[in-house]
Amino acid sequence: MTATDPATTSGQPLPLDPSLAPPGTRAFRDAGGIPADRWHADQNGETLVPTHCCFCGVQCGMYLRVDRGGKVFGVEPRNHDINRMRLCPKGINAYQQVNHPDRLTAPLMRRNRDEEFREVSWDEALDHTVAEIRRIQGEYGNDAFGLLGGASLFSEKTYLVGKFARVALKSKHVDYNGRLCMVSAAGANKLAFGIDRAGNPFSDILLTDCLLIAGSNVGECFPVMTQYLWGARDRGASLIVVDPRETAIARTADVHVAIKPGTDSAFFNAVLHVVVAEGLTDEAYLAAHTSGWAEVKKTVADYPPSRAATICGVPEEQIVQVARMFAGAGKAMAWHARGVEHHSQGVENCLSIINLCVATGNIGKPGAGYGTITGQGNGQGGREHGQKSDLLPGGRSITNPEHRRQICEIWGIDEAELPLAGTSMMEMVWQMQRQEIRGLVGICNNPFVSLPNYATVKDGYDTLEFHAQFDFFLSETAANAHVVFPVTVWAEDEGVMANAEARVVKHNKAQEPPAGVRTDTWVMCELAKRLGAGDKFDFPDSRSVFEELRIASAGTVNDYYGITYERLEETGGIAWPCPSTEHPGTPRLFEDGRTYHPDGTIHMQVVEWHPPMDPYSEEYPLSLTTGRTVAHFLSGNQTRRLGALVEQTPRPWVEVHPSHGFRNGDPVRVVTRRGSEVFPALVTEAIRPDTVFVPYHWPVPTAANALTIDALDPRSKIPEYKVCAARIEAAERVDEVPAPPTAPGQQAYPETQVSRLDPLPPTSPQGRGTAERS
């Protein structure tokens, strides 16, 4: 039987010709939708559901197209003021997850890892999980069981993750994969300003005279955010980019500082040295609004451009140029992302940029300020309400007696029942290896791809006596578990996220989940009931959780009390803090010159540069750095299943400078102290000769994070993904990209897997010096 398209141009059904379909869309057409490339809404009975993208921290507005049968079948851009009708390749294809053939639709279970998964009932999966929790905690104590959440969950669910761990599991061991993303920026913001969020909205970029982007490949990782950069450029703003690679954005900059990985704080200390030496500081602002300036000024005196040029591998003149350009602008802004934060000195790197902004008076004004670009969709909101190991809802400290008292009152528990702070995500893996943690529930994360030093991660998870994972696709981590709970995708539930501006936006439910699939909220509440804490988890839906979250955040720095679902629907988003329903929200911080420290000042922090944790040697003379590519997202569990994205970027590669003598597509072995893998070479002059780059969205044997070091920042506990010692050498053939895991009886959706076997790298978005594929 031939499927037909219900849309017509002549009154007759049009045949669905798979050869004309965008890659990977055939099954979605066959499900009853019209082609994805027909963006206009013309199907009889179609509904457009306003929502936001599920991927990065820009949180672009979109409409999901829902057919008369209640199924999502397409997407349209939405004229939301975040994105103004723009969507990136991931956003355009995101809807294809919803009714994807790889979806999990029944709980999977096995008694040990030597068995195959079998489909079981929800009662059997829940009861077995609870029995294992009780067994492990009964034998080894409550803290022998842990919980790891995720920063792509709605804020309501992240709130429940923290509450479930501490009230139902009664364990201190809870953390989340945002630990791998934004925590260095969070730590720096709290130290300097007493608040953890960007100081300015995206729209302020349009008003700046000088924009500094450090460690962020905006054009690929946050494509729609480039509209703000271009808008600033159109009105004459200068652009400075600090990045070891000449990314697409760096290629357009007035100044591209091709810094050696791991030397950011030395560079920014030297820039501030020049600002001081040339009398470009804002002394009146410093005197009125800061503490610690004298100590910072004394420290940067030890970082003249000559010293930093040697450390950073950049010309002295460029350091002076950046200082004059930034400090001499009428209004200047700095934004950074993972390239600055993924270091053992990530907090210090962020603080060195804050010091530059503060010393030049570029804080709290339209077009002048400081921001951090969130990687995950709810990277900001995901750490605000309790799933981070040291925080309680509202950004409260778990070690503060008053904060503990407040939350215990709201949750209705005795203060003695509330555990103390646990450890970070990577530290929990080490504890698994030592059998200090013997059981784990994971929600919305894929550590087998996303954590560094894969061999250590695999060993830690294999040592667990019991492991359950929530997911909607069978990730590499879930495929190693004992129980897998099939849960909803973002379009099958409602909830809020906070984007990189700290703007809280509302995601709306577009379709019912498949039979057998439950929301994360339902699963956590069911487990809590079986653990005897059901009275604390009487939440029928996200809205009921959000109402408790509002109360739990009231009066805190992260105040959501004035935010309601209705207000979000009406306004399109509200920036916290928002203490009352009459309050408009706070898109720009520090306008009155005061911070959230008790004394109201900016606490400037002394920063000293130190080398990366993985030392260079004759055997390992190069820097390996990692990052994202435009077609994929994080561990790739979602995007490696979407045909157009797999076709655009089917596999990882290694970017190498032409001076190494390789040709495009040559097999190149990348070797670090953790192991080696072989990638096709992408030969380009857009990277430093002493640096190689590998994107990290794929699993072993093509996983960049099998090679990265699990050294941590001592304050933020973020891994040092962005620099480790490496060497490269010629190899025989590239390592093959594995197909994504699937449930028993399934095979990976074939339309998304054809391109996976392509042995060549994709063409480079950087362009300059890159060989053509042939």
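In helix α3, the residues W122, A125, L126, H128, T129, V130, E132, I133, I136 and Q137 are buried (under 20% relative accessible area with a 1.4 Å probe, protein chains only). Keep in mind that this is a predicted model, where local features need pLDDT of at least 70, side-chain atom pairs count only at pLDDT 80 or more, and totals for chains, interfaces and linings use all residues. Residues are numbered from 1 along each chain as its sequence is written, and side-chain values use heavy atoms, with hydrogens and water left out.

What lies over those buried α3 residues includes β8 (145-149), β18 (439-443) and α19 (520-530); helices here are DSSP runs of H or I with at least four residues, strands are E runs of at least two, and both are numbered from the N terminus. The 19 residues of α3 (122-140) should span 27 Å at 1.5 Å a residue, and the end C-alpha atoms are 27 Å apart, which agrees. Just after α3, G141 has a positive phi of about 100°.

Now let's turn to helix packing. The axes of α5 (residues 183-193) and α14 (residues 346-359) come within 8 Å and cross at roughly 50°.

Another pair is α15 (residues 401-411) and α20 (residues 542-553), whose axes come within 10 Å and cross at roughly 150°. That makes α15 roughly antiparallel to α20. Here I407, I410 and W411 of α15 meet E548, I551 and A552 of α20 (contact means heavy atoms within 4.5 Å).

How values were computed
The expected span of a helix is 1.5 Å times one less than its number of residues. Buried means under 20% relative accessible area, exposed over 50%, partly exposed in between (1.4 Å probe, protein chains only). Axes are lines fitted to C-alpha atoms, for helices over the stretch in contact, and angles run from 0 to 180 degrees between N-to-C directions. Angles under 35 degrees count as roughly parallel, over 145 as roughly antiparallel, 65 to 115 as roughly perpendicular and the rest as oblique.
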